[in-house]
Amino acid sequence: MAATLAPERPPETEARRAYMGLLARAAEGRAAALLAEAGLAQPFDWLRRPEIGTVMVRGRAGGTGAPFNLGEMTVTRAALKLACGTVGHGHVAGRSRPGAEAAALIDALMQTGRAEEVEAAVLAPLRAEEAARKSARAEKAAATKVEFFTLVRGED
Amino acid sequence: MYVAVKGGERAIENAHAWLAEERRGDTAVAELSVAQIREQLSLAVNRVMAEGSLYDPDLAALAIKQARGDLIEAIFLIRAYRTTLPRFGASEPVETSEMACDRRISATFKDLPGGQVLGPTFDYTHRLLDFKLAAEGEVPPAPSREADEAHVPHVTAFLNREGLIEEAPAEETEPRDLTREPLELPADRALRLQALARADEGFTLGLAYSTQRGYARNHAFVGELRIGAVAVEMEIPELGFAIEIGEITVTECETVNQFGGSKTEPPQFTRGYGLILGQSERKAISVALVDRAMRWEELGEDNVGAPAQDIEFVLSHADNIQATGFLEHIKLPHYVDFQSELELIRKLRREAGAVPAQEAAE
C-alpha cells in the first residue's frame, strides 16, 4: 500500500535513506566498532548531543486501514558537524549514545570525499551481517513450512 | 481517603534492604544477568514490552529482574520509566504485509501464497515437562531450508479480491493517543486498538474467551496469524524525508468472522484485528476477538449486553497498571478513614441498642 503512495525521491536521497536505515537496524556497537577499526573517525562539533527518547509506533486497523498508536520504542538520536561544515544525523533503535554518535558521524562522512572508504569499511560489512542474520532466520522459518499431502478418502 | 502519615522510615528502609536480599535469593546460586533474562525468558520480556507499551528488550529484562519476575510490577516500572523520556514523534504506520515472518499460519486456508510457516511454536508439543532442560546442555542448531524471498501477502487480500470480506481502506487520520489524553468516550476503533494492545493479557484473554462461549459470539476463525520483524519508519524534519529508525518484532492476528450485510450490501465476512508489540500470539488473537465484538454497532449488530461489547467497561478495566494501582492502594494506611468508620459503626450499634452499656460508654 505504502509502495504506491511512496514519494519519488532523488537517487542520492534513496541512498542516504538506505544506509541510515542500515545503521538504525545494526546490532548495538557494530557501526562504532567498524568505524574505529577503519580509523575513519574525524573530530566534530555537536549540534545535538546523543539524546534518548521514544517514538510512538503506529499500525493500521486491519493491517491497511486507519492508523492507530501501537506503543512506543526507544530511539537515540544525535546530530554533529565536521570541521568542513558537513552535518550528519544519526537515529538508532534502543538506548545507545555511542551508537547514535557513530551513525551521525558515518552519515556526515558519507557526504564527504571519504564516502567510498566508509562504504567499504563500515556499510558493506554491516550489510553483509544483516543479510546473513536475516537469511539465517528466513531459512529456519522455511524449514517449518508445512507441506500438505492430500489423503485418499475412503469413499472415493 | 488517603492521608499522609509520618514515621516508619526505618522500617521501610529495612524492608527494602530485605527485598533486595530476597530478590537475589540464595547467593550459592549464580546471579541472573539481564542478558540471560532477555535471551532465555524472551516471552516474559515480550509481555512486559507489550503491556508496558515500550519496545526495548533490555529495559524489559531489567524490569523483570528488579520485579523478581512479577510481570505486572515489571510493566509498572516500564510505564514509569517511559514517562521520563522525551517523545521524538510518531512513526509511519508499520507495513505488516512487508513483515519478515518467523511464523505465519492461517486456520481458514490450507494452501495460500507464502505457505503455512509454523515458526518456533509451542503448538503440537505434548506439554510434558522436559527434564532434560533441568540439566544444562547444548541445543543442536535448528534445521534450515532454502528460503524463497517471496513477499507474503495478507490472507484477507485474497478474500478481498472476490469481495467476500469487508475491506479496510487506508485512511490518513491522526489517531487519538491514550498516553497523551485521558480516555474519553466514545472511543473510536483506533483508540480501542491502542488500549487493547497495552491491555492486560489475562483480562483480554478472558473477554475473548467469553465471546467464544456465547457472550456476543462472532464465530471467529484465525484468518491469519503472523509474527516477525517490521521496519519502523519516521519522517525526520531536519532531513525532510522519512528514514527507518529500527526494526521491531510484532504479532498480528486477523480474524475472519461471520457475516455482515444489509439491504444494499451483499453478505460479507467481517474482520477483527489485533496487533501487539513483540511476540505474543495469545494476546493478538484475544485482541482480534474483542475488537470484533466491540464493532457491534458499526456492523449493525444487536447489543446483547455482553461484557466484550461494552466498550466503556472493557477500556476502563483492561489496563493492569491502573487496576493494580487502585486495587493495591487500599492496603496503604487509611487510618483516618477507618477511624471515622469505626466511630460510625459504634454509633449505629448504640442506636440499635445492640451494645452493652459498658462498651457504649467507652
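Is A:Phe44 buried or exposed, or partly exposed? A:Phe44 is partly exposed, because its relative accessibility comes to 23% (buried is under 20% relative accessible area, exposed over 50%, partly exposed in between, with a 1.4 Å probe and protein chains only). Bear in mind that this is a predicted model, where local features need pLDDT of at least 70, side-chain atom pairs count only at pLDDT 80 or more, and totals for chains, interfaces and linings use all residues. Residues are numbered from 1 along each chain as written, chains are lettered from A and ligands numbered from 1 in written order, and side-chain values use heavy atoms, leaving out hydrogens and water.

Now for the ring's partner. Over all chains, the structure holds 2 aromatic pairs (rings of Phe, Tyr and Trp, the last by its six-membered ring, with centres within 6.5 Å; planes under 30 degrees apart are stacked, over 60 edge-to-face, the rest tilted). A:Phe44 and A:Trp46 make an edge-to-face pair, at 4.8 Å centre to centre and 75° between the planes. A:Trp46 is partly exposed too, at 24%.

The other pair, A:Phe68 with B:Tyr273, is also edge-to-face, with 6.4 Å between centres and 80° between planes. This pair crosses between chains, from strand E2 (residues 67–82) of chain A to strand E6 (residues 268–277) of chain B. Both A:Phe68 and B:Tyr273 are buried.

Chain B itself has 13 helices and 6 strands (DSSP runs numbered from the N terminus: helices are H or I, at least four residues; strands are E, at least two). Of its 362 residues, 40% are buried.
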